[in-house]
Amino acid sequence: MKSQPKLLTLLTVLSVILFIGALAMVFLYAPLEAVMNYVQKIFYFHIANAWVGMLGFIVAATAGVIYLVKKDLKWDIVEMAAVEISLVFFFIAIITGSIWAKPSWGTFWTWDARLTTAAILEMIYLAYLLLRKGIEDPERRARFSAVYTLIGAISVPVSFLSIRIWQTIHPAVIGGGTSGAQGSFGMTPAMLMTMFFCLATFSVIFVALLWYRIRLGRLAEQVDQLKYQFMQ
Amino acid sequence: MPTSKRPSFDYLKAIGAIVWKDLASEMRSRELLSAMLVFALLVILIFNFAIELQPTLRTTITPGVLWVTFAFAGTLGLNRSMAIEKDRGCLDGLLLAPVDRSAIYFGKALGNLAFMLIIAMIVLPIYSLLYNINILIPGLLLVVLLGSIGYVAVGTLLSSMAVQTRTREVLLPVLLFPVIVPVLLAAVKASSGFLQNLPMNEIWPWLNILIAYDVIFTAVAFIVFDYVIEE
């Protein structure tokens with residue numbers, strides 16, 4: 001394995017700087033929201049985490065399709081890396097959302113379309129990891145996980161749509177009316193700036209993490225090959 | 001098959017042969033259907049204790065109970081139907097047969113669909129009898145058909161994957177349930193719509209979701225099944 005590329009080191013340093021910058025913008029630059037006060041601050045990181053989660057989801061589905069077409073194991077590594085990162089970031093998004101929801105909606109959780117879809121997505125990712133664990137042959141593992149990513153990628157939007165229809169016919173009881181409307185707020189330009197800065201920051205962090213994870217995946221592949229040679 | 005003059009006819013014949021094989025072996029052993037049926041009845045029995053199915057609540061709770069029963073009994077059937085192929089090396093035999101791979105998928109899926117519908121046709125009247133509520137209405141039967149198609153379309157694909165992993169049977173529900181959420185949700189909502197005699201314009205969105213899901217996932221499974229059994 002080649003030593004760490006310069007660009008990756010640069011990305012890592014950039015991630016740290018941007019993250020500190022994002023924290024500073026959230027706490028020092030963005031104005032306090034009139035009703036929710038400090039509670040609203042979590043929104044910036046919440047939306048950035050959810051964004052990275054979605055980004056990982058799209059990257060994973062794309063890598064899965066490319067693998068099925070090209071049959072090149074490097075796309076399998078990309079797919080798994082994206083799923084793992086997405087799993088963690090979506091989990092953080094759910095947790096930060098719950099922390100925000102408790103004071104704003106009066107409950108940690110409601111069965112709103114977005115929340116439920118996020119939970120389903122996490123379940124699909126966990127099932128994906130279990131599926132991978134159950135297969136030893138790398139080539140078959142890659143095929144099966146690519147197929148499952150594809151199935152998941154198609155079913156999640158359909159789930160979102162159907163839960164949304166369910167919610168419009170039967171509005172959420174807790175929070176009254178559609179829960180999306182509860183706790184919404186108008187954003188000032190400074191708030192918007194902070195939000196976009198956080199989105200950009202987390203995108204850079206995502207790229208850096210993805211790169212590290214892909215490198216790790218390649219190393220693991222090489223270790224496996226060495227083991228195999230040693231056994232013979 | 002490639003040399004055949006009537007490929008589409010041969011394709012249908014191959015599918016028919018696989019369905020016939022599944023049904024015939026099932027009619028002789030009855031191990032799959034009996035396990036599914038007993039399990040389904042047990043689930044309904046347990047629901048009776050778990051949530052008191054009072055007469056006033058029956059129309060609202062019945063669809064949920066029914067679809068949970070079908071979903072659980074369905075995984076039992078899907079697992080068994082693929083395990084039989086795998087254990088006795090039948091799958092290898094099927095793969096050697098000079099037919100298009102997707103014919104194997106459609107054959108297995110239709111077989112599984114037949115088992116699901118047979119179970120539903122036995123469970124529905126028994127449920128009606130036990131809880132004194134008529135659920136044998138045409139609308140509900142349509143929902144059972146559409147829901148089962150979606151369930152089986154994805155279930156057959158995922159069970160042929162699960163059976164080739166180390167954890168086997170355990171894995172299928174874990175893989176299947178998160179991706180069939182739209183089917184279960186739409187089926188429950190449409191069923192309860194028919195049971196409560198709601199106007200059709202409130203039921204149509206759910207039927208549309210079921211139809212869309214059936215079409216999309218049958219097509220996707222048809223495309224990717226090759227990758228799942230390619231050895």
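**Where two chains meet**

H4(A) passes H7(B) in a left-handed crossing, meaning that the near helix is turned anticlockwise from the far one by less than a right angle. This is a predicted model, where local features need pLDDT of at least 70, side-chain atom pairs count only at 80 or more, and totals for chains, interfaces and linings use all residues. Residues are numbered from 1 along each chain as its sequence is written, with chains lettered from A and ligands numbered from 1 in the order written.

On the H4(A) side, the contact is made by A:Ile120, A:Met123, A:Ile124, A:Ala127, A:Leu130 and A:Leu131, which meet B:Leu171, B:Val174, B:Leu175, B:Pro178 and B:Val179 of H7(B) (contact means C-beta atoms, placed from the backbone, within 7 Å). Sort those residues and you get eleven nonpolar, no polar and no charged.

Now for chain B as a whole. Chain B has nine helices and zero strands (DSSP runs, at least four residues of H or I for a helix and at least two of E for a strand). Its C-alpha atoms fill a box of roughly 60 × 35 × 30 Å along the principal axes. Of its 231 residues, 45% are buried (20 or more other C-beta atoms within 10 Å of a residue's own). Among chain B contacts between residues at least 6 apart in sequence, 80% join residues at least 24 apart.

Methods: Two residues are in contact if their C-beta atoms, placed from the backbone, lie within 7 Å. Ala, Val, Leu, Ile, Met, Phe, Trp, Tyr, Cys and Pro count as nonpolar, Asp, Glu, Lys and Arg as charged, and the others, Gly among them, as polar. A residue is buried if 20 or more other C-beta atoms lie within 10 Å of its own, exposed if 12 or fewer, and partly exposed in between; C-beta atoms are placed from the backbone.
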